[in-house]
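Here's a quick briefing to read alongside the model. Keep the viewer open while you go through it.

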Amino acid sequence: MKRQLILEDGTIFVGEGFGSEIEKFGEVVFNTGMTGYQEILSDPSYCGQIVTLTYPLIGNYGVNRDDFESINPAISGFIVNEVCDQPSNFRSQFNLDEYFKSKSIPGLSGIDTRKLTRIIRQYWTLKGAICGMDVNVSEVMNQLGGRTLPTDQVKQVSTKGSYPSPGRGHRVVLVDFGMKHGILRELNHRDCDVIVVPYNVTAEEILRLKPDGIMLSNGPGNPKDVPEAIEMINGVLGKVPLFGICLGHQLFALAGGADTEKMKFGHRGSNHPVKHLKSGKVAITSQNHGYTVNEKSLASTKLEVTHIALNDGSVEGLRHLDYPAFTVQYHPEASPGPEDANSLFNDFLQMIENFKKEGEELCQNA
């Protein structure tokens, strides 16, 4: 069935609909990953967005029960050049059309995704709508022009209450701003005793849980829309070792007195090279973010840049000069993508060990 994508600048793409037939609005973004579409569509960081995949054929290995990064996808729509109706993989349980129908997500195939990507790269990220052929295009464009992007995405995707993921190792409080399951898997793999808490948790509530470490997860939207998290971070800094990823990295920067800004079209893909400034080593990383830390704003803070993106020089990692705390803009858990930076989870646990040892030495010398 013919359906269309209408952009706020008046551009129209007509293609074949799949999945749900409902009309959806959202911010249109693109991801350059060649594989990992199941993890992409279930990443909570895409909340409210219409995701375009630049790789031409999507869906060829189907959808399975194991590769989801959340239970309920938060994307508004999915756009591909060609969707595979008959996937071939021993783990496949259903195709994208069947899955999107079950989750009320509209998809669009058969359009020139390279042209769409070039438009986004040239004119910044645009608002758009996936809809039927019978709509009044002028009315839809007026709606897009007057529509503001949501500011409560983190609230939409964060857990509503705290819950444990038990282990016998270090206790880590994981603040869920839109957590990918991959982060939890990596902590569980290291036998951490994880307690997942909502985005609006207070510093006092976290400290009452007696954590050995605190982790700030990824998440969607503008970090400045989550002021309660900035207050919480300032309340725990120096008291417990801290590690932040993606949105957690941006919130850490804001808490430290730096500034963040919206990027032209963001970093979304599984092939972004990042350089560690101290060692000179380069990791190929998985990324999904539309905001970045303004490097100039770090000048008067206690934050130091540890990693940079080789493609555009943007800030990809920070550490606090006085407290045991570091963050990265990319995803060391991958899901999808390369696992070059997976050892950062080990670095976090080592930081916890060092912090404990220093505390014991202080007590002995007191």
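Pro164 stands opposite Ile195 in β12, with strands and helices being DSSP runs numbered from the N terminus (helices H or I, at least four residues; strands E, at least two). Keep in mind that this is a predicted model, where local features need pLDDT of at least 70, side-chain atom pairs count only at pLDDT 80 or more, and totals for chains, interfaces and linings use all residues. Residues are numbered from 1 along each chain as its sequence is written, and side-chain values use heavy atoms, with hydrogens and water left out.

**Around strand β12**

- Three bridges tie β10 (residues 163–165) to β12, and the two run antiparallel; strands count as paired if DSSP finds at least two bridges between them.
- β11 (residues 171–175) is joined to β12 by five bridges, and this pair runs parallel.
- Within that pairing, Val173 has Ile195 as its bridge partner in β12.
- To get from β11 to β12, the chain goes through helix α6 (residues 181–189), making a right-handed β-α-β crossover. Right-handed means that, with the strands pointing away from the viewer, the path from the first strand over the helix to the second runs clockwise.
- How many residues of β12 (residues 193–197) are buried? Five of its five are, buried being under 20% relative accessible area, exposed over 50% and partly exposed in between (1.4 Å probe, protein chains only).
- In a regular strand, side chains alternate between the two faces of the sheet. Both faces of β12 are covered, with Asp193, Ile195 and Val197 buried on one side and Val194 and Val196 buried on the other.

**His181 in helix α6**

- His181 sits in α6 and counts as partly exposed, because its relative accessibility is 28%.
- Leaving out residues up to four places away in sequence, His181 touches Phe68, Glu69, Ser70 and Ile71; contact here means heavy atoms within 4.5 Å.
- The C-alpha atoms of His181 and Ile71 are 9.3 Å apart, though the two residues are 110 residues apart along the chain.

**The open sheet**

- β12 belongs to an open sheet of 10 strands with mixed pairing, in the order β10-β12-β11-β13-β14-β19-β18-β17-β15-β16.
- At the edges are β10 and β16 (282–293), each with a single partner strand, so one side of each has no neighbour in the sheet.
- On average, neighbouring strands of this sheet are turned by 25° against each other, direction ignored. Axes are lines fitted to C-alpha atoms (for helices, over the stretch in contact), and angles run from 0 to 180 degrees between N-to-C directions.
- Helix α8 (residues 227–236) packs on the sheet, touching β11, β13 (213–216) and β14 (242–245), and its direction makes about 155° with that of β13.
- Helix α9 lies across β13, β14, β15 (260–276), β16, β17 (303–309), β18 (315–320) and β19 (325–328), at about 50° to β18.
- As for cover, nine of the nine residues of α9 (residues 247–255) are buried, including His249, Gln250 and Phe252.
- Gly257 follows α9 and has a positive phi, near 100°.

**The barrel**

- Seven strands form a closed barrel with mixed pairing, running β1-β2-β8-β6-β4-β3-β9.
- Its neighbouring strands are turned by 35° against each other on average, direction ignored.
- β3 (residues 24–31) and β4 (residues 49–53) run parallel and share five bridges; Phe30 stands opposite Thr52 in β4.
- Helix α2 (residues 96–103) packs on this sheet, where it touches β2 (12–19) and β6 (77–79), with its direction at about 85° to that of β2.
- Helix α4 (residues 137–146) lies across β1 (2–7), β2, β3 and β9 (126–132), running at about 40° to β1.

**The whole chain**

- The protein chain has 10 helices and 19 strands.
- Its radius of gyration is 21 Å, close to the 21 Å the globule rule gives for 366 residues, so the chain is as compact as a globular protein of that length. The radius is taken over C-alpha atoms, and the rule is 2.2 Å times the number of residues to the power 0.38.
- Along the principal axes, the C-alpha atoms fill a box of roughly 75 × 45 × 40 Å.
- Of the 366 residues, 56% count as buried.
- Among contacts with a separation of 6 or more, 74% come from residues 24 or more positions apart.
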